[in-house]
Amino acid sequence: MEDKRANLIAISIIILLIIVTIIARVTLHLSKTFFLIFGVDIAAIFAVLAIVILRSRFNTRRKLLEKQIDTDGRELRIEYSFLRKVAGVPTKFRVRELEEATDGFRSLLGRGGSGSVFKGILPDGTAVAVKRIEGEERGEKAFKSEAAAIASVQHVNLVRLLGYCISSTGPRFLVYDYVHNGSLDNWIFPKTGGGATSGRRRSGCLSWDMRCRVAHDVAKALSYLHHDCRSCILHLDVKPENILIDDSYRALVTDFGLSKLKGREESRVVTTIRGTRGYLAPEWLLENGVSEKCDVYSYGMVLLEIIGGRRNIRVLEKGSRVSNRKFEFFPKIVIEKLKEGKVMDIIDDRLVEGGGIKEREVKKMVKVALWCIQEKSKLRPSMARVVEMLEGRAPIEEPPDTQMLVVDFLSVDDEDDNSMPHRHRPRFAQMDRENPSISGYSFAFSTLSGR
Ligand SMILES: Nc1ncnc2c1ncn2[C@@H]1O[C@H](COP(=O)(O)OP(=O)(O)OP(=O)(O)O)[C@@H](O)[C@H]1O
Ligand SMILES: [Mg+2]
């Protein structure tokens with residue numbers, strides 16, 4: 001704007017000088033005075049042109065420099081945010097930044113027991129999943145320090161926590177790396193109806209080899225959390241929804257919002273019950289405190305679901321009361337089929353059609369899973385041992401019979417059906433340990449919250 005005005009003034013001066021010269025020529029003819037005026041005018045015109053040229057050159061240079069500084073600044077900011085990510089330092093976001101990144105929380109990826117997850121893009125181009133946590137009760141300091149501890153945990157099979165957001169009044173947020181292929185449930189269970197998500201969910205049927213790889217990836221991630229971090233981290237909500245599948249079908253464990261840090265010297269953590277029905281170890285109900293063996297149990301349950309391509313619990317008969325309902329418990333079926341030597345019967349039907357699955361491999365996976373879901377936590381292997389078993393570095397003995405008398409899925413929501421649609425309410429309130437009525441594959445007691 002300023003440039004335009006200066007150029008206009010220069011042109012006006014030049015035109016004025018030319019007019020003066022013409023008038024002088026007409027009135028003074030070719031007199032001495034005219035030549036004097038003519039000389040001065042020409043000099044003035046050259047001076048104005050020189051100023052205009054110099055000014056425009058100077059301005060172009062200045063703009064180039066400004067652009068360069070701007071680009072350098074942006075690159076520095078990107079570099080800085082990259083270094084923060086690599087170093088595991090969580091970024092503190094403002095609510096407005098997250099609103100902009102998610103376009104006003106428009107693209108819903110999914111809804112869980114603790115809140116909703118939205119897709120977003122940060123200004124540096126990073127795709128993120130923003131988890132809005134409702135009803136977070138921890139104080140600001142505790143939330144912040146847990147976020148920092150979680151962000152500092154880095155492993156190829158763990159989803160990275162990039163940052164968090166705390167507003168004084170509204171909900172809190174956790175910002176994770178966006179994982180393109182969504183959660184494992186969409187890749188092992190047959191599709192049932194539509195969900196409440198706005199974005200199109202990626203789904204399919206993982207091949208046997210891919211499933212073995214996912215099982216291995218998850219085992220490595222949990223082993224890392226339990227054994228290789230400075231303080232032992234218990235996940236406490238291992239389930240297919242908390243296992244994400246990336247572009248190259250690698251499994252990434254997520255949702256450390258629920259996890260609990262445990263000092264190395266502590267053998268058990270006493271905490272309020274957390275987790276999801278169907279994956280909870282019995283000691284949640286029976287003992288005072290939990291250990292990493294709870295994650296081993298949940299892992300075993302997930303492993304069976306990966307093999308079978310179905311949920312571990314199915315409602316066979318609906319009753320008006322929980323106690324009247326009949327459930328089919330997949331792990332029991334697996335144990336029986338293994339005893340009968342018909343282990344191939346339990347594999348996901350969609351995989352059997354394709355053929356090429358070795359019985360030896362299936363047996364290995366099933367036995368590992370059955371070791372993990374032993375009711376007595378002491379009998380369960382550590383996650384490090386599970387990794388060794390899966391890799392063939394440790395022998396896998398016949399798993400002992402486990403009674404599975406205490407099963408945690410005993411309250412099933414009214415809306416549950418055979419396909420166990422996903423309404424997640426993992427936090428739960430109260431339990432009633434009395435009168436467990438157990439018959440065959442049917443179990444009923446307690447009022448745990450549903451999935
Ligand atoms: N980082 C991510 N990238 C892509 N999708 C994600 C990511 N995190 C979560 N999701 C999707 O959002 C869904 C909801 O996640 P959320 O953690 O809120 O619920 P949940 O895992 O089902 O239950 P819970 O609250 O017990 O963890 C997941 O099932 C998954 O499909
Ligand atoms: Mg989750």
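1. The shell around ligand 1 divides into nine nonpolar, 11 polar and six charged residues, where Ala, Val, Leu, Ile, Met, Phe, Trp, Tyr, Cys and Pro count as nonpolar, Asp, Glu, Lys and Arg as charged, and the others, Gly among them, as polar. Of the 26 residues around ligand 1, those that come nearest are Gly-110, Gly-112, Ala-129, Ser-183 and Glu-241; a residue is near a molecule or strand if its C-beta atom, placed from the backbone, lies within 6 Å of it.

2. This is a predicted model, in which local features need pLDDT of at least 70 and side-chain atom pairs count only at pLDDT 80 or more, while totals for chains, interfaces and linings use all residues. Residues are numbered from 1 along each chain as its sequence is written, and chains are lettered from A and ligands numbered from 1 in the order in which they are written.

3. At least two residues of the shell around ligand 1 come from each of strand E2 (108-111), strand E3 (115-121), strand E4 (127-133) and strand E6 (172-177), and E2 gives the most, with three residues. Helices (H or I, at least four residues) and strands (E, at least two) are DSSP runs, numbered from the N terminus. Because domain 2 (88-178) and domain 3 (205-451) both give residues to the shell, ligand 1 lies between them; the domain bounds come from an automatic or database domain assignment.

4. As to confidence, the protein chain averages a pLDDT of 81, and 78% of the residues score at least 70, pLDDT being the predictor's confidence in each residue, from 0 to 100. Over residues 408-451 pLDDT stays under 50, and for these residues the model has 97 contacts beyond four places in sequence, a contact being a pair of residues whose C-beta atoms, placed from the backbone, lie within 7 Å.

5. The secondary structure of the protein chain comes to 12 helices and 14 strands. Of its 451 residues, 36% count as buried; a residue is buried if 20 or more other C-beta atoms lie within 10 Å of its own, exposed if 12 or fewer, and partly exposed in between, with C-beta atoms placed from the backbone. Among contacts between residues at least 6 apart in sequence, 65% join residues at least 24 apart.

6. Which residues of helix H9 (residues 330-340) are buried? They are Phe-330, Pro-331 and Val-334, and, seen down the axis of H9, they fall within an arc of 95°, so they line one face of the helix; the arc is that of the directions from the helix axis to the C-beta atoms. These buried residues pack against helix H8 (292-308), strand E12 (326-329) and helix H11 (359-372), whereas Lys-339 and Glu-340, on the other side of H9, are exposed. Just after H9, Gly-341 takes a positive phi of about 75°.

7. Val-128 lies in strand E4, and it counts as buried because it has 21 C-beta neighbours inside 10 Å. Not counting residues up to four places away in sequence, Val-128 touches Ala-101, Gly-120, Leu-122, Leu-162, Val-175, Tyr-176, Asp-177 and Tyr-178.

8. His-180 has its place in the loop between E6 and helix H5 (185-188) and is exposed, with 11 other C-beta atoms within 10 Å. Leaving aside neighbours within four places in sequence, His-180 is in contact with Arg-202, Asp-246 and Asp-247. His-180 and Leu-244 are 64 residues apart in sequence and, C-alpha to C-alpha, 8.4 Å apart in space.

9. Arg-314 is found in strand E11 (residues 313-317) and is partly exposed, with 18 other C-beta atoms within 10 Å. Its C-alpha atom and that of Phe-327, 13 residues apart along the chain, are separated by 5.5 Å.

Technical notes
Contact = placed C-beta atoms within 7 Å.
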